[in-house]
Amino acid sequence: MPELPEVQTIVSELNRKLKNKTIKSAAVNEPKMVSLGPRTVSNRRSVPARDVKVFIGLLKGRIILSVKRRAKLLIFDLSGQLAILVHLKMTGQFIFEDKRLRLLTGGKYKMFNNPGAPLVQLPGKHTHVVLTFTDGSHLYFNDIRKFGYMKLVREDELGSVKELQGYGPEPLGKKFTFNVFQSILSQRPKGKIKQVLMDSSLVAGIGNIYSDEILFHAKIRPARAVAGLTEKDIKAVYKYIPFVLKKAIAAKGSSVGDFVRSDGSWGQMGKFHFVYGRKGQPCKICGTPIETVRMNGRTGSYCPSCQK
DNA sequence: TTCAATGTTTAGAC
DNA sequence: GGTCTAAACATTGA
């Protein structure tokens, strides 16, 4: 899954393809991947068949007005005061297909295609929801690990639905000023800087990859405690958050080669990684082998020479 | 066979 | 409440 830059890329692509399309029908192959209303997504094992029926029934005939993003959550704005919230988690993926092209976004590309390889039949083994539009095109929602979900809500529930609450500011938004960042950090003085950056209730949308990359640029090790950072350190982190995220969006994300256009082109950001996924490989700046540190079940990668 | 993987949530310990 | 850890969710692939 995608972090903020990948989700943003997916949102842009889907918006282009899906805007003003009318849903002719919806099919749900895995009931636990869909839910309704303000209820939480925990305990999704037993989604009543009735809910699935309602989900399908409500989608029929809706027009997709736009696709938006909050943190790593996608929001499909539909006609009839409805919206679909979609979280892709680690391996969620959308594939849009019409007569002319197939567009893959997110997830693990190996699931379906390598560039240049013949297209695989859809829906596939891991296709959980299919939207069919009146023009004959399709949107497939795939997820190998099934951590993701689609949740149909009324527009008036958007303000109260649990999934949209408790997010910190968007790191590319106007409200994310240096003062705001400082006060966020002051809430977690004992926290490790990488974990604070990845905490979506503090700053929205930064995950494992980009927290590593941001801290590399800022020359700060991931496990450093917030309280031990100087003002200069904090300024560097603040500076490189938008720097790294914007660069990744410009490269169309694809942190781990998970984005393929119909022509087989790839998101390019993976080429620009300095530390993520480069354990043991030489630092691109100084040649020192990249090391890792385990924190809360996540791996942080850093250069022991460049980062202090 | 064992481990780690782009994320989030929850439970338990101190 | 703060903070930290592990586990759960499920599958793949190295």
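**Sheet, helix packing and salt bridges**

Strands β5 (residues 82-87) and β10 (residues 149-154) run antiparallel and are joined by six bridges. Within this pairing, Val86 has Met150 of β10 as its bridge partner. The model described here is predicted.

The two strands belong to an open sheet of five strands with mixed pairing, in the order β2-β10-β5-β4-β3. Strands β2 (34-36) and β3 (64-70) stand at the edges with a single partner strand each, so one side of each is left without a neighbour in the sheet. From one strand to the next, the twist averages 20°. Helix α1 (residues 4-18) packs on the sheet, where it touches β3 and β4 (73-78), and its direction makes about 175° with that of β3. Helix α2 (residues 49-59) also packs on the sheet. This helix touches β2, β4, β5 and β10, and its direction makes about 85° with that of β2.

Helix α1 also meets helix α6 (residues 231-250): their axes come within 9 Å and cross at roughly 35°. The crossing is right-handed. Leu4, Pro5, Gln8 and Thr9 of α1 make the contact with Leu245, Ala248 and Ile249 of α6. Classified by residue type, this contact has five nonpolar and two polar residues, and no charged ones.

The structure holds 13 salt bridges. In one of them, Lys21 pairs with Asp135, with the closest N and O atoms 2.7 Å apart. Lys21 lies in the loop between α1 and β1 (23-28), and Asp135 in the loop between β8 (127-133) and β9 (138-143), so the pair ties together parts that are 114 residues apart in sequence. Lys21 counts as buried because its relative accessibility is 16%, under the 20% limit. Asp135, at 40%, counts as partly exposed.

A salt bridge also forms between Lys146 and Glu30, with 2.9 Å between the closest N and O atoms. Lys146, in the loop between β9 and β10, and Glu30, in the loop between β1 and β2, are 116 residues apart, and the pair links distant parts of the chain. Lys146 is partly exposed at 28% relative accessibility, whereas Glu30 is buried at 17%.

Glu163 and Lys151 meet through their side chains in a salt bridge of 3.6 Å, N to O. Since Glu163 lies in the loop between β10 and α3 (178-186) and Lys151 in strand β10, the pair ties together parts that are 12 residues apart in sequence. Glu163 is buried at 9% relative accessibility, and Lys151 is buried at 0%.

Terms used: Residues numbered from 1 in each chain as written. Chains lettered and ligands numbered in written order. Predicted model: local features only at pLDDT ≥ 70, side-chain atom pairs only at ≥ 80, totals over all residues. Heavy atoms only, no water. Pairing = 2+ DSSP bridges. Helix = DSSP H or I, 4+ residues; strand = E, 2+ residues; numbered from the N terminus. Axes fitted to C-alpha atoms, helices over the stretch in contact; angles between N-to-C directions. Contact = heavy atoms within 4.5 Å. Left-handed = near helix turned anticlockwise from the far one by under 90°. Nonpolar A, V, L, I, M, F, W, Y, C, P; charged D, E, K, R; others polar. Salt bridge = Lys/Arg side-chain N within 4 Å of Asp/Glu carboxyl O. Buried < 20%, exposed > 50% of the residue type's maximum accessible area, 1.4 Å probe, protein only.
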